[in-house]
Amino acid sequence: MDLIRIIFAVILPPLGVFLQVGLGKHFWLNILLTLLGYIPGIVHAVWIIARTGHEPSRV
């Protein structure tokens with residue numbers, strides 16, 4: 001499932017973060033980073049997906 005999230009993170013970074021952690025602070029931060037620059041949004045999204053792993057999402 002992480003591979004699918006990473007693919008979504010490359011195509012649309014906020015979607016990858018949303019699938020991992022939901023509508024939390026990381027989601028809104030990723031939207032801001034994606035608006036400021038596409039690459040920072042991708043880096044943040046992949047980092048969130050890799051960091052949280054299989055932990056339950058916290059909102």
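Which residues are buried in helix α2 (residues 13-21)? They are P13, P14, G16, V17, Q20 and V21, where buried means under 20% relative accessible area, exposed means over 50%, and partly exposed lies in between, with a 1.4 Å probe and protein chains only. These residues lie on the same side of α2 because they cover an arc of only 160 degrees around the axis, the arc being that of the directions from the helix axis to the C-beta atoms.

The model is predicted: local features need pLDDT of at least 70, side-chain atom pairs count only at pLDDT 80 or more, and totals for chains, interfaces and linings use all residues. Residues are numbered from 1 along each chain as its sequence is written, and side-chain values use heavy atoms, with hydrogens and water left out.

The mean pLDDT of the chain is 88, and 86% of its residues reach 70 or more; pLDDT is the predictor's confidence in each residue, from 0 to 100. Confidence in the chain is lowest in α1, with a mean of 89, and highest in α3, at 96.

The chain has four helices and zero strands. Helices (H or I, at least four residues) and strands (E, at least two) are DSSP runs, numbered from the N terminus. Read from the N terminus on, the order of elements is α-α-α-α. Of the 59 residues in the chain, 37% are buried. Contact means heavy atoms within 4.5 Å. Among contacts in the chain between residues at least 6 apart in sequence, 54% join residues at least 24 apart.

What lies over the buried residues of α2? The cover includes α1 (2-11), α3 (25-36) and α4 (38-52). After α2 comes G22, whose phi is positive, near 85 degrees.

Two packed helices are described by the angle between their axes and the distance between the axes. Axes are lines fitted to C-alpha atoms, for helices over the stretch in contact, and angles run from 0 to 180 degrees between N-to-C directions. Angles under 35 degrees count as roughly parallel, over 145 as roughly antiparallel, 65 to 115 as roughly perpendicular and the rest as oblique.

How do α1 and α2 pack? Their axes are 5 Å apart, at an angle of about 150 degrees, and α1 and α2 are therefore roughly antiparallel to each other. On the α1 side the contact is made by D2, R5, F8, A9 and I11, and on the α2 side by P13, L15, G16, L19 and Q20. By class, this contact of α1 with α2 has six nonpolar, two polar and two charged residues. Ala, Val, Leu, Ile, Met, Phe, Trp, Tyr, Cys and Pro count as nonpolar, Asp, Glu, Lys and Arg as charged, and the others, Gly among them, as polar.

F8 is in helix α1 and is partly exposed, with a relative accessible area of 32%. Leaving aside neighbours within four places in sequence, F8 is in contact with P13, L15, G16 and L19. F8 and A45 are 37 residues apart in sequence, and their C-alpha atoms are 9.3 Å apart in space. D2 also belongs to helix α1; D2 is partly exposed, at a relative accessible area of 23%. Between the C-alpha atoms of D2 and I49, which are 47 residues apart along the chain, the separation is 7.1 Å.

The other helix pair to consider is α3 and α4. The axes of α3 and α4 come within 7 Å and cross at roughly 155 degrees, which makes α3 roughly antiparallel to α4. From α3, the residues in this contact are H26, L29, N30, L33 and T34; from α4, they are Y38, P40, G41, H44, A45, I48 and R51. By class, the contact of α3 with α4 has six nonpolar, five polar and one charged residues.

P40 lies in helix α4 and is partly exposed, with a relative accessible area of 40%. From P40 to P13 is 27 residues in sequence and 9.3 Å in space, C-alpha to C-alpha. I39 is in helix α4 as well. Is I39 buried or exposed? I39 is exposed, with a relative accessible area of 57%. The C-alpha atoms of I39 and V10 are separated by 9.0 Å, and the two residues are 29 apart along the chain.
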